[in-house]
Amino acid sequence: MTMHFGRVLRNTVLILLSLLWAVPSWLLLVNAFVPAKEYTGTPHWLPGSFGLFDNFSQAWNEADLGPAMGNSLLYAVVGSLVAVLIATGAAFAVVIMPVRRRVLWFWLIYSGTLLPLQVFLRPLFLSYARFDLYDTQIGMFLVYATISIPFAFFLMRNYATTVPREVVEAARMDGASWWRMFWQIHVPLSKSAMVAAFSFQFVAIWNDLLFGITFSTSDNIRPAIAALSELQGSYSAVGPPVVLAGALLVSLPTLVLFFSAQRFFVNNLKLTR
Amino acid sequence: MRTTTAPPSAGHRPPSPEPRPLRPDPARRRVAARERFAAGAFMTPAVLLVGVVLLAPFATTVYRSFFDDHRHSGFAGLHNYQLFLTDDALLRSVENTLLWVVGTVALPFALGMLIACLTDATRWSRFARLCVIIPYALSGAAVAVVWNFVLSTDGALNQLLSAVGLESLSTSWLLDWPGNTLVIICVNAWQATGVAVILILVGLQGIPPETLEAASLDGAGPWQRFRHVVLPQLRPVSIIVIGMSLANGLKSFDLLWVLTRGGPGRATETLAVSMYQETFLLQRPGAGSAIAVVLTVIVLGASWLYLRRQFDEKGA
């Protein structure tokens, strides 16, 4: 009897919690499909006519979401690629090469990810204005790549400590240079960890808002989340369906990446324990 | 999403692969120097970028926080820090930040634990888990857009309430303090619980089933098993989950900025938003710098919660 009651209670709690989590996502989906002209001011709960692509294209034009997503893609791909390469090199040096003061170097690079982004903003903003980096793609790339290095370095360093030392020592015996060892042995061995670090940093850069609104303003420079933030600002003017469609559109890349690489994420969370 | 997790202490590798010779001959020393030079070349890009783009601005911000915001900015000692005791908007911001600390420690952890334990073994648990994990893959800005749609005065929540006859409960959710801050903390939990669930599930799978069976044989009920077997074994994961959601919650900017811009007035600001507001919108960089420094101290304190564990473990 008590077993039975326990199971009912457990399932009820589970259903309620799932609903609590599913309903907002459901509303996002349903109302992003409502044609903007048919939206009467009250939220829809069931799917009706199909206006998703109209809303997409309106968001694309209204908030210039299209070019902004191109920018984000560029920053997220190139930024995290460069960051992961640099971080892998640094991890290789700190773990495998004979270096003095490993702890110092580790903390010097790693400390960047512990600090809140707010402490970098104003000095960077002033230097960017002075060196003509403000509102430029190279400026955005620079700040995104750098902010990605510390955590990528942390992941790659953890991974490097698991690479058996014998591999390196054998290569040393054969007289291979560090440069060749890095590219021909270490990088191929670390490939899966590098992919994981890349996906982590891709998502982090893609989802950033603070740097986007601080260091860029023009439509052809600013990232997608900054454009979405502006679109939300014109919520009543363009109508909720368009804004929701914009949010959905901007979230698609990270959603796809997350669910196609879910195992990577979970494994990495395990790795960092 | 930025997940910071604990670094294993860096200093416990064997110092150097080559044993140091008793009397270093010049040739050998040259090789060692060249090795160090090569290592330097591998580290330089990372050290240089982090140093110039992150650590130097950090130092500048700390320095700037001791200067006032008059036209000819002069040394002001701790004046900017005294604003935390006198400025009404900042006091509110501190209150909100404390609420966030409590909310981000309690909610994602408790909900994550509940959901992870409930879905560990049920039939349609995959679906329930999926529901919880989807928001984690969304950006804070997209989450804000969704919840603005739910919470606005003519939004989905008020519509639902009046549909089931609870019209008296419907209200302007984001208008009055402290209700608006509490609502936003719940929204944050809606997003942050996903990662807690993943981490706790990983932890649960690490518990050997024999210990649970042994506890059952000894006559322990489900609650006792949870309290005395599961919970102690989840301690390391719990510390990571709490530390991570605390640090992320304190740093969270995009959710608040897109949902309320810190408003109405400045009622829902936390320190992360106040810094931006003071520095860039109110043109008070000294006050903004002081807020950034205080925020850093709190975030580092929260991170220390779980960084420390690593050092304990390695006995350093």
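**A close look at Ala87(A) and its surroundings**

Modeller: Start with Ala87(A). Leaving aside neighbours within four places in sequence, Ala87(A) is in contact with Ile149(A), Ala152(A), Phe153(A), Met156(A) and Ala197(A), and with Ala46(B) from the other chain. Keep in mind that this is a predicted model.

Which residues have the most contacts inside the largest nonpolar core? Ala87(A) is one of them, along with Ala90(A), Phe153(A), Ala197(A) and Val145(B). The core holds 170 residues. Its largest share comes from helix H3 of chain A, residues 65–95, with 16 residues. Chain B takes part through both of its domains: domain 1 (16–64) and domain 2 (81–314) each give at least three residues. In soluble globular proteins, nonpolar side chains tend to be buried together.

Now move along H3 of chain A. Val95(A) also sits in this helix. Is Val95(A) buried or exposed? It is buried, because 23 other C-beta atoms lie within 10 Å. Not counting residues up to four places away in sequence, Val95(A) touches Arg157(A), Ala160(A) and Thr161(A). Thr162(A) is 67 residues from Val95(A) in sequence, and their C-alpha atoms are 10.0 Å apart.

Next comes the loop between H3 and helix H4 (102–110) of chain A, where Arg101(A) is placed. Arg101(A) is not a glycine, yet its phi is positive, at about 55°. Arg101(A) counts as exposed, because it has 12 C-beta neighbours inside 10 Å.

Now turn to the contact between the chains. It takes 79 residues from chain A and 78 residues from chain B. Which element gives the most to the side of chain B that touches chain A? That is helix H1 (residues 26–64) of chain B, with 16 residues. Sorted by class, this side of chain B has 53 nonpolar, 18 polar and seven charged residues.

One helix pair shows H1(B) at work in the contact. Helix H5 of chain A, residues 118–130, crosses H1(B) at roughly 90°, and the two axes come within 8 Å. H5(A) is therefore roughly perpendicular to H1(B). From H5(A), the residues involved are Val119(A), Phe120(A), Arg122(A), Pro123(A) and Leu124(A). They meet Val53(B), Leu54(B), Pro57(B), Phe58(B), Thr60(B) and Thr61(B) of H1(B). By class, this helix contact has eight nonpolar, two polar and one charged residues.

Step back to chain B as a whole. It has 13 helices and zero strands. Of its 316 residues, 44% are buried. Among its contacts with a separation of 6 or more, 70% join residues 24 or more positions apart. The C-alpha centres of its domain 1 and domain 2 lie 39 Å apart.

A few local spots in chain B deserve a look. The peptide bond between Trp177(B) and Pro178(B) is cis, with omega about 0°. Pro178(B) lies in the loop between helix H6 (156–163) and helix H7 (179–205) of chain B.

H7 of chain B includes Val202(B). Val202(B) is partly exposed, because 16 other C-beta atoms lie within 10 Å. Ala292(B) is 90 residues from Val202(B) along the chain, and 35 Å separates their C-alpha atoms.

How many of the nine residues of helix H8 (residues 209–217) of chain B are buried? The number is zero, so this helix lies largely in the open. Just after H8(B), Gly219(B) takes a positive phi of about 90°.

Finish at Gln283(B), in the loop between helix H12 (271–281) and helix H13 (285–314) of chain B. Its phi is positive, near 55°, although Gln283(B) is a residue other than glycine. Gln283(B) is exposed, because 10 other C-beta atoms lie within 10 Å.

Technical notes
Residues are numbered from 1 along each chain as its sequence is written. Chains are lettered from A and ligands numbered from 1 in the order in which they are written. This is a predicted model: local features need pLDDT of at least 70, side-chain atom pairs count only at pLDDT 80 or more; totals for chains, interfaces and linings use all residues. Two residues are in contact if their C-beta atoms, placed from the backbone, lie within 7 Å. Helices (H or I, at least four residues) and strands (E, at least two) are DSSP runs, numbered from the N terminus. Ala, Val, Leu, Ile, Met, Phe, Trp, Tyr, Cys and Pro count as nonpolar, Asp, Glu, Lys and Arg as charged, and the others, Gly among them, as polar. A residue is buried if 20 or more other C-beta atoms lie within 10 Å of its own, exposed if 12 or fewer, and partly exposed in between; C-beta atoms are placed from the backbone. Domain bounds come from an automatic or database domain assignment. A nonpolar core is a set of buried Ala, Val, Leu, Ile, Met, Phe, Trp, Tyr and Cys residues joined through C-beta atoms within 7 Å. Axes are lines fitted to C-alpha atoms, for helices over the stretch in contact, and angles run from 0 to 180 degrees between N-to-C directions. Angles under 35 degrees count as roughly parallel, over 145 as roughly antiparallel, 65 to 115 as roughly perpendicular and the rest as oblique.
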